[in-house]
Amino acid sequence: MDEITRILTGTVAHSVGRAVDMGIVEFHGPDDEEVMVHMQCPFRIVHATKIILGSADMRYAQKDAGAQAFDEFRMIYDARATKINKILGQLRPSVDGVTVGLSGELTVSWEQDFRLEVFPDCSGNMEAWRAFTRGEAHHGFPPETI
């Protein structure tokens, strides 16, 4: 798990999004390489003590979004991700802490008191999350699923 800390520490938090129901947080490395965390388990983004985005937000459509809201990226998650991306674009906060717990929990902290908290919730041998630099080795939890 030291490799995950190495990959993420010092990167700049760039954007939050999703691919279908998989959460994605993108970072830019010191040489502008793309570093990503893909999450297929519960996660949230917190600012200080307030949850500003949660994986469950993908379940709820924006007001008057219609039946195709999920496919059209009109869920509460998408609206909040857009707002967070504007903030990240202005602040360009650097990652200053990475912790990987024994049960696969991942916390990535960045400047201005933001953090990504990822918490696997499946007892089976299913991939919960992965971190990687585009074009390089992938690392995640459980390690044997990556």
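1. Strands here are DSSP runs of E, at least two residues long, and helices are runs of H or I, at least four residues long, both numbered from the N terminus. The model is predicted: local features need pLDDT of at least 70, side-chain atom pairs count only at pLDDT 80 or more, and totals for chains, interfaces and linings use all residues. Residues are numbered from 1 along each chain as its sequence is written, and side-chain values use heavy atoms, with hydrogens and water left out.

2. Strand 1 and strand 2 (residues 22-28) run antiparallel, joined by 7 bridges. Two strands count as paired if DSSP finds at least two bridges between them.

3. The open sheet has 5 strands in the order 1-2-3-9-10, with antiparallel pairing. Strand 1 (12-19) and strand 10 (138-141) are the edges; each pairs on one side only.

4. Helix 2 (residues 76-91) lies across strand 1 and strand 2. The helix runs at about 165 degrees to strand 1. Axes are lines fitted to C-alpha atoms, for helices over the stretch in contact, and angles run from 0 to 180 degrees between N-to-C directions.

5. Phe27 touches residues including Leu8, Val12, Val95, Val108 and Trp110, not counting residues up to four places away in sequence. Contact means heavy atoms within 4.5 Å.

6. Thr133 sits in strand 9 (residues 129-133). Thr133 is buried, with a relative accessible area of 9%; buried means under 20% (1.4 Å probe, protein chains only). Beyond its neighbours within four places in sequence, Thr133 contacts Ile7, Glu33, Glu34 and Val35.

How values were computed:
Buried < 20%, exposed > 50% of the residue type's maximum accessible area, 1.4 Å probe, protein only.
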